[in-house]
Amino acid sequence: MVRRGTMALTTAVALAITGCAAQQQAAGGQGGAAQGVTATSVKVGGVLTETSASGYSTKDAEVGTRARFERANAEGGVHGRTVEFLGAEDDGQDAAKGDAAAKKLVQKEQVFALVPVHAPNFGGAAFLEREGVPWFGWATGPQWCGTRTGFGYNGCLAPEQGAGSQTWWGRQMADLLGGSEGKSVYVQTSDSSGSKYGGTTISQSFTAAGFELAGVNSGLPAAAPPPDWLPYVDKIMTSDGGEPPDVVVSVIAGTKFNVGLYAALKRAGYRGVLTDATSYDAAILDDPASAQALEGVIAAPMFEPFESDAPEIAQLKRDVERVSPGAELTQHLAIGYWAADIFLDLLDKTGKYLSREKFLATANGSYAYENPGFGRIRYPRDHDEPNGCGALVRLENGAFKVVKNLKCFDNVPLT
């Protein structure tokens with residue numbers, strides 16, 4: 001005969017085991033808890049270039065990411081889980097430090113995913129791909145492309161030959177200028193691999209829109225602005241059959257570079273259009289010399305500008321003000337915000353039973369998401385090509401003005 005007390009103890013143990021198994025199933029969906037996931041939370045952290053020798057910094061991406069996660073948490077999280085955001089590691093624009101930061105987050109901090117990753121020389125891609133760890137951010141280099149784990153909010157900006165390449169920048173500019181017929185473009189990059197590749201894709205964006213390519217120069221050292229801009233200016237000013245081109249595109253990371261180049265071009269008498277992807281930055285307005293050099297410059301953000309009256313942008317502003325009152329609205333902040341937004345959408349579509357395997361299967365299984373704030377994203381397609389969306393903003397009289405709202409265009413094969 002089994003004693004009544006023994007039966008009660010056995011029942012209690014069985015119930016405890018059953019409850020524990022249920023908790024594990026709710027967290028991981030595979031009968032075991034997924035790393036960084038509990039029944040009530042999911043843990044993430046990021047890698048940014050907060051400091052660098054050139055002064056380039058993406059630190060504001062942390063503010064945008066936190067703002068989006070805080071709203072999600074205030075609304076109850078996703079499938080009952082709030083996001084535990086650890087903040088970001090600084091890679092110092094050094095690939096080895098980026099790799100070490102990614103390993104720290106995964107192996108020591110036990111995060112589920114990396115959000116945001118916004119570092120031009122990020123060195124942790126191979127490790128994250130090997131370990132099957134999702135990562136979200138701005139796909140500024142080839143390390144984002146051809147992966148199954150890297151999710152740039154704007155897709156892959158360094159497609160291989162034959163893959164789709166963006167046309168939006170050239171087409172938006174052609175529309176702004178009243179057409180491209182008879183107009184020439186010159187592209188200035190640095191000698192970094194990412195900048196050179198950007199020069200290739202952006203050149204094709206303009207030629208696909210009907211501009212004539214006057215030249216591409218990738219001889220500018222990426223480490224620091226040159227002491228003398230004259231050699232670069234001379235090439236630009238005579239690139240179109242001895243005359244200046246109609247448009248100069250700068251594919252250089254860092255305000256100091258662009259301020260130096262544009263100021264030198266203006267001193268040389270250049271009167272054409274100056275455009276780049278990084279000069280949409282409120283901090284520029286705090287420095288009179290920088291604001292003067294960038295006056296009239298057309299920046300090309302890959303999201304709907306802060307000056308827009310779109311409801312999604314009003315929501316972004318409210319979210320940021322809630323977590324960081326008075327914070328400057330910068331491009332890096334927007335990138336962190338939209339990367340977090342995509343991550344949250346994927347969490348929702350993956351469902352209650354969460355594991356990295358299930359999350360990646362959802363992300364890479366004909367995933368599509370549209371938001372007027374950043375356009376659209378489609379995976380797995382956008383592991384290999386950009387999302388094809390962007391806007392144009394001009395600095396006029398010390399203030400940014402939207403001259404072309406965000407719009408998406410079809411890509412063309414990179415040649």
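This is a predicted model: local features need pLDDT of at least 70, side-chain atom pairs count only at pLDDT 80 or more; totals for chains, interfaces and linings use all residues.
Colleague: Hi! Which strands form the open sheet, and in what order?

Modeller: Hello! The open sheet has 7 strands, ordered 8-7-9-10-11-14-15, and their pairing is mixed.

Colleague: Which strands stand at the edges?

Modeller: Those are strand 8 (212-220) and strand 15 (399-408). Each has a single partner strand, so one side of each is left without a neighbour in the sheet.

Colleague: How many bridges join strand 14 to strand 15?

Modeller: There are 7 bridges between strand 14 (residues 389-396) and strand 15, and the two run antiparallel.

Colleague: Nice. Which strands does helix 5 lie across?

Modeller: Helix 5 (residues 168-176) lies across strand 9 (247-251), strand 10 (273-276), strand 11 (298-299), strand 14 and strand 15. Helix 5 runs at about 50° to strand 14. Helix 6 (residues 193-208) also packs on the sheet, where it touches strand 7 (184-190), strand 8 and strand 9. The direction of helix 6 makes about 170° with that of strand 7.

Colleague: Switching topic: at what angle do helix 11 and helix 12 pack?

Modeller: Helix 11 (residues 331-350) packs against helix 12 (residues 356-363) at about 105°, with the axes 9 Å apart. That makes the two helices roughly perpendicular.

Colleague: And which residues meet there?

Modeller: From helix 11, Phe343, Leu346, Leu347, Lys349 and Thr350 meet Lys358, Phe359, Thr362 and Ala363 of helix 12. By class, this contact has 5 nonpolar, 2 polar and 2 charged residues.

Definitions and conventions. Residues are numbered from 1 along each chain as its sequence is written. Side-chain values use heavy atoms; hydrogens and water are left out. Axes are lines fitted to C-alpha atoms, for helices over the stretch in contact, and angles run from 0 to 180 degrees between N-to-C directions. Helices (H or I, at least four residues) and strands (E, at least two) are DSSP runs, numbered from the N terminus. Angles under 35 degrees count as roughly parallel, over 145 as roughly antiparallel, 65 to 115 as roughly perpendicular and the rest as oblique. Contact means heavy atoms within 4.5 Å. Ala, Val, Leu, Ile, Met, Phe, Trp, Tyr, Cys and Pro count as nonpolar, Asp, Glu, Lys and Arg as charged, and the others, Gly among them, as polar. Two strands pair if DSSP finds at least two bridges between them.
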